[in-house]
Amino acid sequence: MSGARVEVCVIGVGLHPFGRHDPALTGMAMGAKASRLALADAGVSWADIGYAVGGSNVSGKPDSLVGVLGLTGVPFVNVRNGCATAGVALATAANAIRAGETDLALVVGFDKHERGAFAASPADYGHADWYGETGLMVTTQFFAMKDRRYLHAHGLSDRLLGQVAAKAFRCGALNPDAWRRKALTADEIMRARMINPPLTQYMLCSPSEGAAAVVLARGDRAADLCEHPVRLAAVAKRTRRFGSFEVFAPWLPPQAGESASVDAARAAFASAELSPADVQVAQLQDTDAGAEIYHMAETGLCADGAQQELIDRGETAPDGRLPVNTDGGCLANGEPVGASGLRQVIDIVLQLQGRAGARQVPGRPRVGFTHVYGAPGISACTVLTVQGLTA
Amino acid sequence: MTAVDPGLFGSLDPPRLAGGRCANCGTVSFPPQTGCARCAGTELARVALADRGTLWTWTVQALEPKAPYRAPGGGFAPYGVGYVDLGDVIVEARLLGDPAGFEIGMPMRLALLPLWPGPDGSPVVSYAFRPADDGTAHDGTAHDGTADDSTADDGTADDGTADGNAADGNTGGERG
């Protein structure tokens, strides 16, 4: 099976750093910047690109980018899947290569969010007005409530939330592109202003601004174009199934079900013919500190409840056995929704290529994993490997 | 007094939430859906949900949410939010009472939540849950401190099915 499948590789990456920028700098302008950086990194031109996919939640129609990148007539698909936008965009471009539509594809994501928590429209998610008006439709409430339930069910301490956030800011301090570069102790984080208990302000990711892009190539072309191509061994996306506990849910059935993240991760590993135990560096959606904790288990990287020991031993730090979010994740970079999943992919690509600088994971990892999760219950996961690695 | 949304309540006095029970698989949705999330059935009967349950998880909204949130007449004040296990279904709800006392598994009961004045001057209401034994009556007003509210509690116990379901929900075991 796998021998017949078309291989897809990442051959170039470009990031417009996430954070707060000049009010006059548009999301689309950041998208153009990231696209050009990725094309330059790949050593190809925009005219070489035979298929493009772009994602943005609030900052315009991505295919408008052709106006500044060049009117080459390239097919350009727009994606808007919440926090999973970039994962879905990546899958769409990879499938275009597998389907034979092109040898080279560009994937770009960008967003420029206003300050403060996200505001969501009930109608956009199939709910009536009362759900928003009465103050139930707030993403951070869901994060806090899922965290509390998870920590309670698996006998984990609230302190773990402070430890995860402290690790994120330590990584941010090592990443020149990160938004939040000041290390904070777990105690400082635990004592900070409470937003949605048990979550304090430093345990929640902030909407931010930024853009990210990658160039994908069919495997046989990748080796010619790139010294160290990274193989997109799998990309899978899923919506929620019955019984999962998801954001913006007025009700849940008493029967528990597995989350979209469980399904997407399982499908990605199966497609890559690898297992979670093979992963040497991972990116997990950490829109809040607790999300990183339960996503470790939902994606299969550890058992439920095993997080305390792993994190106490520093195993999820860049020099640990299972480094997670080595660029500081959403907590240290904020989240421009359309770009966030590509930031994850870029961090893993740099790690697998040995280009991650001060946050480089030792021992040249060969297998990486990324995971995004978004409203109203969607996940996309990738498995990235050093090209030539056989399962 | 009018409901913030006509779909939420089976009745306002006494307050009971409305659910939709799938004729095919029995799954209960809230508010009643037009299709079953479990089996894709489209025949759903409107049922009254239990007015008692147990707290499944909770938090507090400490900062005023952006629109479309609408602050009450007196302005924003931090409020509790949680999921309450009613046995057949776990519903998301505003919570009343002191969050310092909130604990997963604690018994909760339904209350009305006054929101803002309607066009006719009478309150527009939504629903909330409050700790079952916090010494307040079902309308949310405080007792004088001497009366015990067993009368009000007994008044809801005539629906044996609902209370039995809530008791089943106490274990919360199925969801780990």
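Q: How much of chain A counts as buried?
A: In this predicted model, 61% of the 391 residues of chain A count as buried.

Q: What size of box do the C-alpha atoms of chain A fill?
A: Roughly 50 × 45 × 40 Å, taken along the principal axes.

Q: And what radius of gyration does chain A have, against that of a compact globule?
A: Chain A has 19 Å. A compact globule with 391 residues would have a radius of gyration near 21 Å, so the two agree.

Q: How many helices and strands are in chain A?
A: Chain A has 13 helices and 12 strands.

Q: What share of contacts in chain A join residues at least 24 apart?
A: The share is 76%, among contacts between residues at least 6 apart in sequence.

Q: Which residues touch the most other members of the largest nonpolar core?
A: That core has 168 residues. A:Ala93, A:Ala105, A:Val107, A:Ala165, A:Val214, A:Val215 and A:Leu216 touch the most other members.

Q: Take A:Ala93. What is that residue in contact with, leaving aside neighbours within four places in sequence?
A: A:Ala93 is in contact with A:Tyr51, A:Val53, A:Ala105, A:Val107 and A:Leu216.

Q: New topic: helix H9 of chain A. What should its span be?
A: Helix H9 covers residues 260-272. Its 13 residues, at 1.5 Å a residue, should span 18 Å. The end C-alpha atoms are 18 Å apart, which agrees.

Q: Which residues in H9(A) are buried?
A: A:Ala260, A:Ser261, A:Asp263, A:Ala264, A:Ala265, A:Ala268, A:Phe269 and A:Ala272.

Q: Why do residues three or four places apart in an α-helix point the same way?
A: Because an α-helix has 3.6 residues a turn.

Q: What do the buried residues of H9(A) pack against?
A: They pack against four elements of chain A: strand S8 (230-239), helix H10 (289-298), strand S11 (367-374) and strand S12 (378-386).

Q: What comes just after H9(A)?
A: A:Glu273, with a positive phi of about 55°.

Q: In which sense do strand S9 of chain A and S8(B) pair, parallel or antiparallel?
A: Antiparallel, over 2 bridges. Strand S9 of chain A is residues 251-252.

Q: What stands opposite A:Leu252?
A: B:Ile90, in S8(B).

Conventions. Residues numbered from 1 in each chain as written. Chains lettered and ligands numbered in written order. Predicted model: local features only at pLDDT ≥ 70, side-chain atom pairs only at ≥ 80, totals over all residues. Pairing = 2+ DSSP bridges. Rg over C-alpha atoms; globule rule 2.2 N^0.38 Å. Buried ≥ 20, exposed ≤ 12 C-beta atoms within 10 Å, placed from the backbone. Contact = placed C-beta atoms within 7 Å. Core = buried A, V, L, I, M, F, W, Y, C linked by C-beta atoms within 7 Å. Expected span 1.5 Å × (residues − 1).
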